Amino acid sequence: MSLESIKYTRGSLEILDQLLLPLQTRYIKVRGVEDGWKVINKMQVRGAPAIAIVGCLSLAVELSPDNESSKKNMRQEIEGKLNYLVSARPTAVNIKLAADELINLANTLCAEDSISAEIFKERFIGSIEDMLTKDIHDNKAIGSFGCEAILKNIDGDSPVRVLTHCNTGSLATAGYGTALGVIRSLHATKRLEHVFCTETRPYNQGARLTAYELVHEKIPSTLIVDSMVSALMHTRKIHAVIVGADRVAANGDTANKIGTYQIAIVAKYHDVPFYVAAPLTSIDMSLPYGEKIKIEERPDREMTHIGEHRIAAPGINCWNPSFDVTPASLIAGIITEKGVFAPDNLKSVKTT
Ligand SMILES: CSC[C@@H](O)[C@@H](O)C(=O)COP(=O)(O)O
């Protein structure tokens, strides 16, 4: 059984508070859009796919008891609330694409005279609920395509050692995970000898969340500090790096958790293939290249403190970008639910 980060039934949504993991397992009730915005902004739920799903489900929960009889009012309310949810965190594109799709759906339902307000609401909520099953299904496809791509480059039946960064597992998605889904699939083939996961400073998604998921799944794994990546690649044979994505531009440049870019550079130097595992909902064809991606900057406190405990000298200035952009030239392949694509071939995927 993998960890359940999102518990949803019609009219009720709870999320596992990821700020308390791994020491406490506590679910928080999300009663509507205001709660949805807060849990995303505070990073109680995080990871690009989970942000999109929880944001949209928070709207579904808010609409569920609503007896609005005017389709026009409902359409207007939906558009405003979705745009508000998108503003909670700017870098991950999944929530923006989901919001655009849902606004289009609301426009279509509103314009169709034969559809009552009740059916409008039913179809709209149903379409949000479908995101949960689709995400798990897509992650499993990413897992098997990624596993196949990595094993193809390895001689005979040799055991495989991989490195991952940040958290891309069940906690960051509706379930199974993207990069961690590939690792799960590799483990299922019994070819995976070992996973190394980085601590992922400053917010420690690797040490707190990925390590927790790996231990929970009994996948052989070791935690390293972010600054150990070069030493790891120099001293142990690493066969592949697999990371997730918050936004992939049309040319394959990829925004992901801060520190991803330096891992890609080190991987290139050591001739280790560097893969990005992401659903098509993380690909933003409207941006031609990575420089156009807006990078979220987080509060200094996330660097200077661990919980309530201050670790940095009082008075020091901080710079805390939450993501960086890895150039397409450092990426061996982008693993999607439709297959593995060279970054310069992404355009063909999105349109098929
Ligand atoms: C499947 S999750 C992919 C990315 O969202 C993940 O790698 C990442 O960077 C998460 O950042 P976070 O700031 O924890 O939301």
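Helices (H or I, at least four residues) and strands (E, at least two) are DSSP runs, numbered from the N terminus. This is a predicted model, in which local features need pLDDT of at least 70 and side-chain atom pairs count only at pLDDT 80 or more, while totals for chains, interfaces and linings use all residues. Residues are numbered from 1 along each chain as its sequence is written.

**Stop 1**

Select 247-249 and 254-257. These are strand 8 and strand 9, which run antiparallel and are joined by 2 bridges. Val 248 sits opposite Thr 254 of strand 9. The two strands make a hairpin with 4 residues between them, and Gly 252 in the turn has a positive phi of about 95 degrees.

What is the bridge partner of Thr 254 in strand 14? Thr 326 is.

**Stop 2**

Next, pick out the open sheet of 7 strands, in the order 6-5-4-7-10-15-16, with mixed pairing. Strand 6 (221-224) and strand 16 (339-341) are at the edges with a single partner strand each, so one side of each has no neighbour in the sheet. On average, neighbouring strands here are turned by 25 degrees against each other, direction ignored.

Zoom in on strand 5 (residues 192-198), which runs parallel to strand 6 and is joined to it by 4 bridges. Look for Thr 198 there: Ile 224 in strand 6 stands opposite.

**Stop 1: helices on the sheet**

Two residues are in contact if their C-beta atoms, placed from the backbone, lie within 7 Å. For the angles, axes are lines fitted to C-alpha atoms, for helices over the stretch in contact, and values run from 0 to 180 degrees between N-to-C directions.

Helix 5 lies across strand 4 (160-164), strand 7 (240-243), strand 10 (274-277), strand 15 (333-336) and strand 16, and runs at about 145 degrees to strand 15. Then select 179-188: this is helix 6, packed on the sheet and touching strands 4, 5, 7, 10 and 15, with its direction at about 165 degrees to that of strand 4.

**Stop 2: two domains**

Colour 6-135 and 145-351 separately, as domain 1 and domain 2. Those bounds come from an automatic or database domain assignment. The C-alpha centres of the two domains lie 26 Å apart, and 21 residues of domain 1 are in contact with 23 residues of domain 2.

On the domain 1 side of that contact, helix 2, helix 4 (94-111) and helix 5 each supply at least two residues. Which helix gives the largest share? Helix 2 does, with 5 residues. This side of domain 1 divides into 14 nonpolar, 4 polar and 3 charged residues. (Ala, Val, Leu, Ile, Met, Phe, Trp, Tyr, Cys and Pro count as nonpolar, Asp, Glu, Lys and Arg as charged, and the others, Gly among them, as polar.)

**Stop 3**

A residue is buried if 20 or more other C-beta atoms lie within 10 Å of its own, exposed if 12 or fewer, and partly exposed in between, with C-beta atoms placed from the backbone.

Centre on Ile 335 and, beyond its neighbours within four places in sequence, you'll find contacts including Phe 145, Val 182 and Tyr 275.

**Stop 6**

Finish with the loops. Go to Pro 22, in the loop between strand 2 (12-16) and strand 3 (27-29); the peptide bond from Leu 21 to Pro 22 is cis, with omega near 5 degrees. In the loop between strand 5 and helix 7 (205-216) is Pro 202, and the bond to Pro 202 from Arg 201 is cis too, with omega near 5 degrees. Asn 204 is found in that loop between strand 5 and helix 7, with a positive phi near 60 degrees.

Is Tyr 176 buried or exposed? Tyr 176 has 21 C-beta neighbours inside 10 Å, so it counts as buried.

Key:
Pairing = 2+ DSSP bridges.
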